[in-house]
Each structure stands twice: as structure tokens, then as C-alpha cells.
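Please look over the sequence and the structure below before reading on.

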Amino acid sequence: SQRLEDAGCRLIYGLDHIKVHSKLCQITYMSEEGIRYVTQIGTGNYNEKTSKLYTDLSLMTADQAIGEEAAEVFHKLCLAQTVEHTNHLLVAPNCLQNKLIDKIDAEIAKVQDGNAGYIGVKMNSLTDKKLIDKLIEASMAGVQIDLIVRGICCILPGIKGKTENLRVTSIVGRYLEHPRIFSFGSGNDQKIYIGSADMMTRNTEKRVEVAAPILDQDICRQINHYLKVMLSDNVKAREEDHNGNYKIPKNQDTPLNSQEFFYKQAYLNAKNVNS
């Protein structure tokens, strides 16, 4: 930090009462149309060591609406405040937990109207009781729920009358699974967000966190493919049962290690780009 200040950078050392955990970078520039933004929202730290060990997602966007709200996050931090209202981003501690609950409620409403409801979430840990209770309510309503939770998970799947429509998978492999993905609905109604927050009270109520919507359909397809492969993993994945025990998925499919799959795919993509 001293080297940055010596170089002329302005540093803000966070807030006294709350941790800033968001992974947010923004370039602001003046164009003929006025002030414009290029915004990056990630799921992992800007750390050259962990970048070699963690799997993460990063979105770079020139969307003006997202840029304006991200700029407001920085503005509030400069004033030692937090964002109170958003229309596009999910920003803790005031505009993330409640918005996730609203989106779960929307899936419940779909089922009540005779349509299919779906929720898919990937995260490090799940401990937020408000969100846990809402996920149980969604499962009881008939919403199909897939949770990929690497670490602590304070919900039991397969409980009769409670979580029969809920599946919990954990993947521990060569890399530390770190992306946070929130997916609601399917097809044309699907809404996907990526961000820095787990479904933990410390993240949703006691930190500054940012999650961004994925608006580009090609990126949505990539994330859906990513989730589908992870949910098909039968080598490193373990499924939690109603007793809280983790077991290898019971299927006779061709062995699939999702991390090795994406590792090889990344090299293949790089080779195709360079050829």
C-alpha cells in the first residue's frame, strides 16, 4: 500500500465496522456520449498466488447501468457508507440477501402457477439461516434445487416433506472451487449472477459484497455448461445424503472429473486460438 501511495494512487482502507470483500475493478473514461465505464466483477481475489490454485469467474462489461451502480459502490466506500438501493447489482449488506430471497420467491410462484421452478447455486459455504429457510420453503413448494457447496453446508437434502427436491454436491479436487454462482429459472426466464458472496450471514449481512447479472447469452451458455459438467462429476464429487454423510454419486456413466475436464478444455481452447 505504501508503494501504491508513493506512486500517486489514492488508497481507501475499508470501513471501520464492515469488511469489504467484493472483487470489483472499474475504468472510468470520458467519451462523446459522456462518462462511460468498463467494469470487472469477479469471484476471487486479485492475488497471483491463489490465481494458480483457485477456480474463479470474472466478468468484464461495458454495460452502462452496471457501471453506474458499481461506481456508486466505490462512491459510498469513499464516504465510509454502504449502498442502500440497486436495480441491477446485488450488493451486500443491504441489497443482496433480500434480493436473493425475492428471486427464490419468484421460483416458488412459478411452481404455484403450474410451471417449473429451478434454482442452481455454487458457493463455498451455506450457513445463512434466512436463505436456508427460504430454500427449504422452495423445495417444499416443488422447486428443483441444485446446490454445489464445497465446504460447510447447514442444510440436509432428501428430508421427507422438506428437502426432497434439493440436491447437495461437494467437489474437492486439485483446485479450490471458489466461484459463487446464483442461477434462477431456466430457458428464456433464466437469470444468472456471479459474485463474491457465499450464502453465509457474515457475507450477506456483515460485508460489502457485489454480484453482477450475466446479460450476454453466450456467457450464460458457458456458465450453464460449467454447472452441468460439475453436476455430472462422478470422480471428485460427493453427494450429501439426508444424514449429512457424503458419498460418491451412484451412476454408471463414464468417469468424469470436472476439474480435469476444464483443465484439458482450457489448453485445447488456447491451442485453437494460437493456431
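What volume does the largest pocket have? The largest pocket has a volume of about 850 Å³, where a pocket is, on a 1 Å grid over the protein atoms alone, an open set of points where a 1.4 Å probe fits, with protein on both sides within 12 Å along at least five of seven lines, and a volume is the space filled by probe spheres set on the points. Of the 30 residues that line this pocket (those with an atom within 4 Å of a point), Thr 55, Asp 56, Leu 57, Tyr 226 and Phe 262 are the closest to its centre.

This is a predicted model, in which local features need pLDDT of at least 70, side-chain atom pairs count only at pLDDT 80 or more, and totals for chains, interfaces and linings use all residues. Residues are numbered from 1 along each chain as its sequence is written, and side-chain values use heavy atoms, with hydrogens and water left out.

The second largest pocket holds about 580 Å³ of space, and among its 16 lining residues Ile 12, Gly 14, Val 20, Phe 74 and Leu 77 lie nearest its centre.

Turning to the cysteines, the structure holds zero disulfides (pairs of cysteine sulfur atoms within 2.5 Å). The sulfur of Cys 9 is too far for a bond, because the closest cysteine sulfur, in Cys 25, is 12 Å away. Cys 95 is likewise in no disulfide, and the nearest cysteine sulfur, that of Cys 78, lies 18 Å away. Cys 95 counts as buried (under 20% relative accessible area, with a 1.4 Å probe and protein chains only), at 2% relative accessibility.

Technical notes: Buried < 20%, exposed > 50% of the residue type's maximum accessible area, 1.4 Å probe, protein only.
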